[in-house]
Amino acid sequence: MIVCWGFLLVEALLLVEINVGLRRMRGKNEDESELEVISIRTMAQETLGDWGGALATITYVFLGYTSMIAYSSKSGEILFHLVNLPESVSSCLFTTIFTMLISVGGTRATDQVNQWLTASMIGLLLAIEVIAVAFGGWSGLEGSGDWGKVPATIPVMIFALVYHDLAPVLCAYLGGDLKRLRASVLLGSIVPLLALLVWDAIALGLSAQAGQVVDPVELLMSERWSGVSYLVEVFSLLAVATSLIGTLLGFLEFFKEQLKNFSRDSKPTRTLQVNVFLPPRFLTLPHSGYLPAQVLLSIKSSLIRSVEQNAKILQEPIGMGGWWARNKISFTAMAMAVAPTLVVSTIVPDAFSAATDIAVSPCKDAKQRHTRN
């Protein structure tokens, strides 16, 4: 698991370097009111060419939808156990709540909610681990394990530790600050690594105590104190929520960038002429006269930016039409990301197992042992 974590860490740091490099080339800055995300597709296209961008897009969209379906379906299953709400209704409600949080609340509000959910999840995990240790579920480094079965579990470990779909959003959110980005990636990846290492030690201890390979979660939930089952279910729901937020946020920003690029390419561009605002002779003085050429060019560039901004303000519609014009890309991206997810998770029985199986690997035996909760 530590090897998988190290591989994913290096991969994430490389993605951050590429993204920040492209942001600097394009002049993106952290003072922009709206996040300007450079997606995985753009990164691959700029570094690997059009074929690389197309392959990255197909792979990213496929894995994104399967992950979203898995999270949505699992949330319905957990809520059914907790509040006895039908799985199809609870999964739609759960996914819709977090979709509206991201779409209406924005990235900063989503970040605050995610921090609260993550802190609660870590607290519950610590409580569950303490209870498991109290039941004798701790083997440390002495647990009985079968190293021959490790290769089959590698895809599961990678799926549990992966966070790379959020890298473009993180780069935009932190304004391309490499120092903060490296620290965020490193510290943010260490927390789940430590939690999983402790849980693995507990799982091995519980299996040894039972004398056979068992699901440690089912073993804990079968204990006398019924409160354990509620702790496990709530922890699982929080884990799904935080995973859904990260995947959905990256997915929405991905579709928004593609829609913006399509809208930009489909509109004819107009060249603004600013020479009319100043006497022609004043602007065409080369290296002598009233002002140096560099100053004249600077003045001309400032005028162009001012005219473009004023023209943009004047062309913006008002009322409901203006609101839709400003938000149509966001809502279209939201529909593209969420609608297929809700349809599949609602009409396909056991969508969680099927989607997780596709997203992780064809190793069905490993998936059944490790991704049930």
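Me: Which residues of α1 are buried?
Reply: This is a predicted model. In α1 the buried residues are C4, W5, L8, L9, A12, L15, V16, N19, V20, L22 and R23.

Me: And V3, buried or exposed?
Reply: V3 also belongs to helix α1, but V3 counts as exposed because its relative accessibility is 71%, and the cut-off for exposed is over 50%. The C-alpha atom of V3 is 9.8 Å from that of I154, although the two are 151 residues apart in sequence.

Me: What span should α1 have, and what span does the model give?
Reply: At 1.5 Å a residue, the 25 residues of α1 should span 36 Å.

Me: Which residue has a positive phi although it is not a glycine?
Reply: N84 does, with a phi of about 60 degrees. N84 sits in the loop between α2 and α3. N84 counts as exposed because its relative accessibility is 58%.

Me: What about P86, where is that?
Reply: P86 is in the loop between α2 and α3. Its relative accessible area is 42%, so P86 is partly exposed. The C-alpha atoms of P86 and G76 are separated by 7.4 Å, and these residues are 10 apart along the chain.

Me: Stepping back, how many helices and strands are there?
Reply: The protein has 13 helices and zero strands. How much of it is buried is a separate matter: of the 373 residues in the protein, 38% are buried.

Me: Where does UniProt place the transmembrane region feature?
Reply: According to the unreviewed UniProt entry, the feature "transmembrane region" is at residues 6–22, 51–72, 78–104, 116–138, 150–173, 185–208 and 228–255. Two of these spans can be described further. Residues 78–104 are 89% helix and 0% strand, with end C-alpha atoms 26 Å apart. Residues 150–173 are 79% helix and 0% strand, and there the end C-alpha atoms lie 37 Å apart.

Me: Now the inside. Which residues touch the most other members of the largest nonpolar core?
Reply: That core has 53 residues, and the ones touching the most other members are F94, F98, L248, F251, F255 and A337. The elements giving two or more residues to this core are α1, α2, α3, α5, α6, α8 and α11. The largest share, 16 residues, comes from α8.

Me: What is A337 in contact with?
Reply: Leaving aside neighbours within four places in sequence, A337 is in contact with Y65, M68, L248, F251, L252 and F255.

Me: And Y65, where does that lie?
Reply: Y65 lies in helix α2. With neighbours within four places in sequence left aside, Y65 is in contact with F251, F255, M336, A337, P340 and T341. The C-alpha atoms of Y65 and L248 are separated by 9.5 Å, while the residues are 183 apart along the chain.

Me: How many residues are in the second, separate core?
Reply: The second core has 13 residues, including V16, L178, V185 and L193.

Me: Where is S103, and which residues is S103 in contact with?
Reply: S103 is in helix α3. Apart from neighbours within four places in sequence, S103 is in contact with L252 and M334. S103 counts as partly exposed because its relative accessible area is 30%. S103 and A333 are 230 residues apart in sequence, and their C-alpha atoms are 9.8 Å apart.

Me: What share of the contacts joins residues 24 or more positions apart?
Reply: Among contacts in the protein with a separation of 6 or more, 77% join residues 24 or more positions apart.

Me: Last topic: how many disulfides does the structure hold?
Reply: A disulfide is a covalent bond between the sulfur atoms of two cysteines. The structure holds zero disulfides.

Me: C171, buried or exposed? And what of C92?
Reply: C171 is buried because its relative accessible area is 0%. C92 has a relative accessibility of 23%, so C92 counts as partly exposed.

Methods
Residues are numbered from 1 along each chain as its sequence is written. This is a predicted model: local features need pLDDT of at least 70, side-chain atom pairs count only at pLDDT 80 or more; totals for chains, interfaces and linings use all residues. Side-chain values use heavy atoms; hydrogens and water are left out. UniProt positions are given in the numbering used here, feature names are shortened, and annotations may be inferred rather than shown by experiment. Helices (H or I, at least four residues) and strands (E, at least two) are DSSP runs, numbered from the N terminus. A nonpolar core is a set of buried Ala, Val, Leu, Ile, Met, Phe, Trp, Tyr and Cys residues joined through side-chain atoms within 4.5 Å. Buried means under 20% relative accessible area, exposed over 50%, partly exposed in between (1.4 Å probe, protein chains only). Contact means heavy atoms within 4.5 Å. A disulfide is a pair of cysteine sulfur atoms within 2.5 Å. The expected span of a helix is 1.5 Å times one less than its number of residues.
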